[in-house]
Amino acid sequence: MKLVSPTLVSVVCCFLSICDGKDYKVTFVSGVRFTQGLLANCSLTIRQGLRSETLLVDNDRFNGFRKLTTLKIKTKQDFNDITGIRIELSELGDNMGWFLNKVVISDKAAMKVYVFDCYEFLDRILGDPIAKELPRTKLIKL
């Protein structure tokens with residue numbers, strides 16, 4: 001019997017479900033100063049053409065994103081070629097300001113690494129957007 005993968009992904013990387021999707025490693029690269037991390041939750045939408053899947057990254061137990069934060073995710077779908085992502089902050093959390101350098105998604109099975117550059121603040125208090133569409137800036141085949 002197969003269980004449906006949950007949409008709530010814990011940053012502590014505990015996965016108890018099995019699905020026909022795919023495992024990815026996601027690394028968020030933040031600003032260099034501690035204050036440029038994120039203590040709020042965010043959602044990550046993975047896109048391939050018109051196909052997409054949104055996952056909630058819940059860091060309540062993780063105590064926030066730092067300079068390098070790596071987590072494992074399991075999608076319901078198998079994305080053969082990730083063309084873009086959307087990162088969006090939730091309205092909940094202590095520190096909504098986050099300088100995001102880039103997001104790196106590794107697909108070990110396909111031997112591909114996808115890079116999505118951002119280099120912007122996501123912060124509703126400063127008037128910056130809290131959601132950002134990021135096209136793929138680099139594809140590395142291993």
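The model is predicted; local features need pLDDT of at least 70, side-chain atom pairs count only at pLDDT 80 or more, and totals for chains, interfaces and linings use all residues. Residues are numbered from 1 along each chain as its sequence is written, and side-chain values use heavy atoms, without hydrogens and water.

**View 1. The protein has 0 helices and 10 strands.** Helices (H or I, at least four residues) and strands (E, at least two) are DSSP runs, numbered from the N terminus. Of 142 residues, 45% count as buried, meaning under 20% relative accessible area with a 1.4 Å probe and protein chains only; exposed is over 50%, and partly exposed lies in between.

**View 2. Five strands form an open sheet in the order 5-2-7-8-10.** The pairing is antiparallel. Strand 5 (68-75) and strand 10 are the edges, each pairing on one side only. Two strands pair if DSSP finds at least two bridges between them.

**View 3. Strand 7 (residues 98-107) pairs with strand 8 (residues 112-122).** The pair is antiparallel and spans 9 bridges. V104 stands opposite V115 in strand 8.

**View 4. M111, I140 and L142 make a nonpolar surface patch of about 290 Å².** Patch residues have over 30% relative accessible area and no salt bridge; like charges are joined within 9 Å, nonpolar side chains (Val, Leu, Ile, Met, Phe, Trp, Tyr) within 5 Å. A salt bridge puts a side-chain nitrogen of Lys or Arg within 4 Å of a carboxyl oxygen of Asp or Glu. Areas come from the Shrake-Rupley method with a 1.4 Å probe; for residues, only the protein chains shown count as cover. I140 lies in strand 10 (residues 138-141). I140 counts as partly exposed because its relative accessibility is 33%.
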